[in-house]
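Hi,

Here is the structure I said I would pass on.

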Amino acid sequence: MMAITIPEPGGPEALIWADVPDPELSPGEVLVDVRATAVNRADVLQRQGNYAPPKGASPYPGLECSGVISATAPDVTGWRVGQEVCALLTGGGYAQRVAVPAGQLLPVPTPVGLVDAACLPEVACTVWSNLVQVARLGMGETLLVHGGGSGIGTFAIQLGVALGANVIVTARAGKHEPLRKLGASHVVDYREQDFVEEVKSFTDGHGADVILDIMGGSYLTRNVQALATHGRIVVIGLQGGRKGELNLNALLMKRGTIHGTVLRGRSNNEKAAIVRGVREEIWPLVESGAIRPVVDRRLPITAAAQAHRLLEESNHLGKLLLTVE
């Protein structure tokens with residue numbers, strides 16, 4: 001089969017479409033003929049040599065895909081050859097075929113279609129597990145989402161609205177109007193405005209009950225300042241660095257909490273539990289149209305380098321998809 005390989009870490013040109021061995025099925029797995037995959041920040045970090053795949057994972061990038069089941073291990077039940085699916089992966093989505101633990105499969109939502117379904121598993125599992133399982137976002141609360149124009153951000157806006165929250169996002173000015181159309185109550189231009197002051201002003205001094213943060217170190221101090229009493233910060237990315245200064249007294253006075261989570265390195269059982277929750281609670285929202293995938297553009301898998309450049313420029317809205325023939 002063909003797959004995107006990374007012979008040596010580097011820039012987007014390090015991504016090479018090459019002939020590689022077919023994946024082998026292990027017990028509990030299915031083989032998926034990939035129709036599309038999505039580009040995620042983790043793929044960029046892996047290409048740069050800053051995010052090695054977990055032990056035993058595929059060496060090829062790609063943390064989600066959609067496609068058609070072409071084979072199942074003898075012990076797999078509930079899935080059949082020829083069925084259209086999308087899947088949460090530990091790696092390997094940038095390929096013609098990938099082996100997937102059956103617990104990480106999801107049916108393709110009817111309104112979405114096979115190709116666009118590739119952009120759902122990673123963001124749905126990330127956002128649901130953090131906003132619902134970890135932060136316990138409730139109706140009437142205020143949610144602050146950093147990076148509102150990203151795949152994570154556009155999904156988090158829609159889930160926050162579906163849960164009855166008021167959603168504030170940070171994003172470049174050119175993305176503000178589409179984010180309002182997704183349901184954001186207030187959009188902050190992080191390059192021109194102080195999001196702490198904007199959050200306080202919008203909430204009449206209350207602050208954000210939940211903050212979904214992709215920045216990490218550079219936003220740590222200001223996130224605590226923007227936090228409401230009993231607020232929860234969930235850090236899921238480190239685009240602003242790994243280290244930051246934390247005023248513990250400010251956090252204590254607000255009785256706040258900071259959670260740090262990752263999805264890729266979790267066990268298959270943990271991921272299967274998250275996927276079950278997404279299927280039960282999120283898929284009905286997608287089926288009804290309350291949540292829809294936001295796709296910036298679709299490119300052939302051989303244009304993976306171009307897709308990585310687009311992601312790094314951060315001018316896209318939503319997800320970048322790679323289609324596989």
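Let me start with the largest cavity, which has a volume of about 50 Å³. On a 1 Å grid over the protein atoms alone, a cavity is a set of points where a 1.4 Å probe fits but cannot get out, and a residue lines it if it has an atom within 4 Å of a point. Grid points are joined across faces, edges and corners, and the volume is the space filled by probe spheres set on the points. By this rule there is one cavity of 30 Å³ or more.

Before going on: this is a predicted model, so to speak of a local feature I need pLDDT of at least 70, and side-chain atom pairs count only at pLDDT 80 or more, while totals for chains, interfaces and linings use all residues. Residues are numbered from 1 along each chain as its sequence is written, and side-chain values use heavy atoms, with hydrogens and water left out.

Back to that cavity. Its lining includes Cys119, Leu120, Phe155, Arg292 and Lys319. Helix α3 (residues 151-162) supplies the largest share, four residues; helices here are DSSP runs (H or I, at least four residues) and strands are too (E, at least two), numbered from the N terminus. By class, the lining has six nonpolar, three polar and two charged residues.

Now the pockets. A pocket is an open set of grid points with protein on both sides within 12 Å along at least five of seven lines. The largest pocket holds about 1,300 Å³ of space. It is lined by 48 residues, and Arg41, Ile236, Gly237, Leu238 and Gln239 are the closest to its centre. Elements giving two or more residues to this lining are α1 (41-48), α2, α3, β9 (166-171) and α10 (304-313). The lining divides into 19 nonpolar, 20 polar and nine charged residues.

The second largest pocket has about 530 Å³. Of its 32 lining residues, Gly56, Ala57, Ser58, Gly91 and Ala99 lie nearest the centre. Both β6 (97-101) and α8 (268-281) give two or more residues to it, and β6 has the largest share with five.

On to the packing. The largest nonpolar core has 45 residues, and Leu131, Phe155, Val169, Val278, Ile282 and Trp283 touch the most other members. A core is a set of buried Ala, Val, Leu, Ile, Met, Phe, Trp, Tyr and Cys residues joined through side-chain atoms within 4.5 Å; buried means under 20% relative accessible area, exposed over 50%, partly exposed in between (1.4 Å probe, protein chains only). Helix α2 (residues 121-134) gives the most to this core, seven residues. Leaving out residues up to four places away in sequence, Trp283 touches Cys86, Leu106, Pro107, Pro109, Leu120, Ala124 and Val278 (contact is heavy atoms within 4.5 Å).

Cys86 is buried, at 0% relative accessibility. Cys119 is in no disulfide either, with the sulfur of Cys86 9.1 Å away, and Cys119 is buried at 2%.

Cheers

Note on methods: Nonpolar A, V, L, I, M, F, W, Y, C, P; charged D, E, K, R; others polar. Disulfide = S-S within 2.5 Å.
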